[in-house]
There are 2 protein chains.
Amino acid sequence: MTHFADRLAHNIDRIGSPVCVGLDPVYDKLPGELKCGTTGGGPVAAIARFCEGVLDACRAHAAVVKPQSACFERYGPEGLACLQHVCRRARELGYIVVLDAKRGDIGVTAEHYAALAFDAMDADAVTVSPYLGPDTIEPFLNHQPADASRGRGVFVLVRTSNPGSDAVQSLALADGRTVAEMIADHVAVLGGSRRGQRGLTSVGAVVGATKPQDAAALRARMPDTIFLIPGYGAQGGTADDVRRMVRPAATPGARGVLVTASRSVIYAFTPEGGDWRGEVSAAAAKMAREIGQVCN
Amino acid sequence: MTHFADRLAHNIDRIGSPVCVGLDPVYDKLPGELKCGTTGGGPVAAIARFCEGVLDACRAHAAVVKPQSACFERYGPEGLACLQHVCRRARELGYIVVLDAKRGDIGVTAEHYAALAFDAMDADAVTVSPYLGPDTIEPFLNHQPADASRGRGVFVLVRTSNPGSDAVQSLALADGRTVAEMIADHVAVLGGSRRGQRGLTSVGAVVGATKPQDAAALRARMPDTIFLIPGYGAQGGTADDVRRMVRPAATPGARGVLVTASRSVIYAFTPEGGDWRGEVSAAAAKMAREIGQVCN
């Protein structure tokens, strides 16, 4: 079995930039030519075509894609079939697939969610929520997927990019750590025995680009953890913010981050007419250049 | 629109006991007569028949059912179609349906999860995870469901029943509150403007029966919040534990709790042969009596 962190690093090396494209398809925002009135079929069929187009357009510029499970689940069984299709197509095109599902439940239930992520969707990694404690993350790490050749990973929510996260994650504990730093310590412990050949672990952390002021302290607590960094682009995070998050870390350097953007890439087209695939591809290429300069 | 808390109270009054049966179907545990080798069809078909049987068996003894989304999602689109079927059947039989999905994501994404819970599954309430902050819970509260006649609710994870939850939720903040108490304060604020006619709010809290020592302090912070109490039965919580959780609360008294059990009810049958529906029904009746004595 190839370790998740090594597979990820290999893919990032191949592309030359640690870029992840978030697939958050929302029907109302799709290019006009894909809308139901134009092509027939329902909204889920339109979303499938849109995702296929984005996957093709970003292939040379992104090592990873991150489908947002909620955007598919809202359509029920048909949406989940579409998600399954998009995950499969992405893997066929060479992407690493991070299922953004933010699951978290007691251990016996977490095993079922691991089966969802790693068998039903056959994703390479999944985002998980830590509020129930570290024992609820371990089932994801111990799951034996049906396809055992590809090692799997998780990204634990540590410091999220949304404005209201401060009301929980920034609070100080009696021992001096913030809540986010306490979760970071759990992540480091869980990852300690799960290192790949390059020293990075299969237990990653979500650390928003909108919270760069916290990144150095979090990196110090998680030196060998891959940071999945959302918030770049539409949420306001900039290349400079990402630079501040990469630079404090002597190790593991540029291979310890994965910068993800969704809306600023997948909706980077002129609303009416035009070559939407080309515009999405150009936006992904621009992001890959900017992030590559910061990280390499 | 009828307020969620009033609808729930009405259902509890009708049954006479605040009992919720958790639907956590696991194929290997099903009665032999439902297994594939016996009846044909795949595991999801067997799970559907099992859930239908449990819903019929518990009808007179439980006001609420709580399908565990993970147990269905692990089967992909087919599993989600089964969940949809089980939710619909439960509502037809008069149950209030709490979808146990523990979702939590940034606001724009939380709206999609609200659509999953309240439109695709048409559930009456959904469990949500608070780590991303209160702004990520509000989209569930503000969602306008397609069927607007039934007010909807959420149950926020505050103090969960699993052993490892102490490693996050019991920690002391610098201001003297525990992490769970801090989340409880967010729940009270979110619920403040969302009260039904009986004074209870549509923003409930999950507080495990395995943590009764914390219940009084949490109740003091959330006087008008419905406590969804898991952990009774298979996880070790007893009627005495539930009594300790109900009694400290002068208000709202017995209508402010909803005690949920899954494995100790739905798997309460002799493994080989016998009347499994009757045994499940008897287990639900016993629980309804025990909880009714404690709460009324």
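Trainee: What pLDDT does chain A average?

Mentor: This is a predicted model, in which local features need pLDDT of at least 70, side-chain atom pairs count only at pLDDT 80 or more, and totals for chains, interfaces and linings use all residues. Residues are numbered from 1 along each chain as its sequence is written, while chains are lettered from A and ligands numbered from 1 in the order in which they are written. pLDDT is the predictor's confidence in each residue, from 0 to 100. In chain A, 97% of the residues score at least 70, and the average is 93.

Trainee: How many residues of chain A are in contact with chain B?

Mentor: Two residues are in contact if their C-beta atoms, placed from the backbone, lie within 7 Å. On the side of chain B, 46 residues take part. On the side of chain A, the number is 46.

Trainee: Which element gives the most to the side of chain A that touches chain B?

Mentor: Helices (H or I, at least four residues) and strands (E, at least two) are DSSP runs, numbered from the N terminus. The elements of chain A that give two or more residues to this side are H4 (69–73), H5 (76–92), H6 (107–120), H8 (166–169) and H9 (179–192). With 7 residues, the one that gives the most is H6(A).

Trainee: How many residues on that side of chain A are nonpolar?

Mentor: Ala, Val, Leu, Ile, Met, Phe, Trp, Tyr, Cys and Pro count as nonpolar, Asp, Glu, Lys and Arg as charged, and the others, Gly among them, as polar. The side of chain A that touches chain B has 16 polar and 5 charged residues. Its nonpolar residues number 25.

Trainee: How far apart are the end C-alpha atoms of H6(A)?

Mentor: The expected span of a helix is 1.5 Å times one less than its number of residues. H6(A) has 14 residues, so it should span 20 Å. The distance in the model agrees with this, at 19 Å.

Trainee: How many of the 14 residues of H6(A) are buried?

Mentor: A residue is buried if 20 or more other C-beta atoms lie within 10 Å of its own, exposed if 12 or fewer, and partly exposed in between, with C-beta atoms placed from the backbone. Among the buried residues of H6(A) are His112(A), Tyr113(A) and Phe118(A). H6(A) is mostly covered, and its buried residues number 10.

Trainee: Which helices of chain B do the buried residues of H6(A) pack against?

Mentor: Within chain A, these residues pack against H5, strand S3 (96–103), strand S4 (125–128) and helix H7 (138–142). In chain B, they pack against H4 (69–73) and H5 (76–92).

Trainee: Is Ala117(A) buried or exposed?

Mentor: Ala117(A) lies in helix H6 of chain A. Leaving out residues up to four places away in sequence, Ala117(A) touches Leu99(A), Ala101(A), Ala123(A) and Val126(A). Because Ala117(A) has 29 C-beta neighbours inside 10 Å, it counts as buried.

Trainee: Which residue just after H6(A) takes a positive phi?

Mentor: The phi in question is about 50°. The residue that takes it is Asp122(A).

Trainee: Which residue of S8(A) is the bridge partner of Val19(A)?

Mentor: Strand S8 (residues 257–261) of chain A has 5 of its 5 residues buried. Two strands pair if DSSP finds at least two bridges between them, and 3 bridges join S8(A) to strand S1 (residues 19–23) of chain A, with the two running parallel. The partner of Val19(A) is Val259(A).

Trainee: Which residue of S8(A) stands opposite Leu228(A)?

Mentor: S8(A) also runs parallel to strand S7 (residues 227–229) of chain A, joined to it by 3 bridges. Val257(A), Val259(A) and Ala261(A) point one way from S8(A), while Leu258(A) and Thr260(A) point the other way. Opposite Leu228(A) stands Leu258(A).
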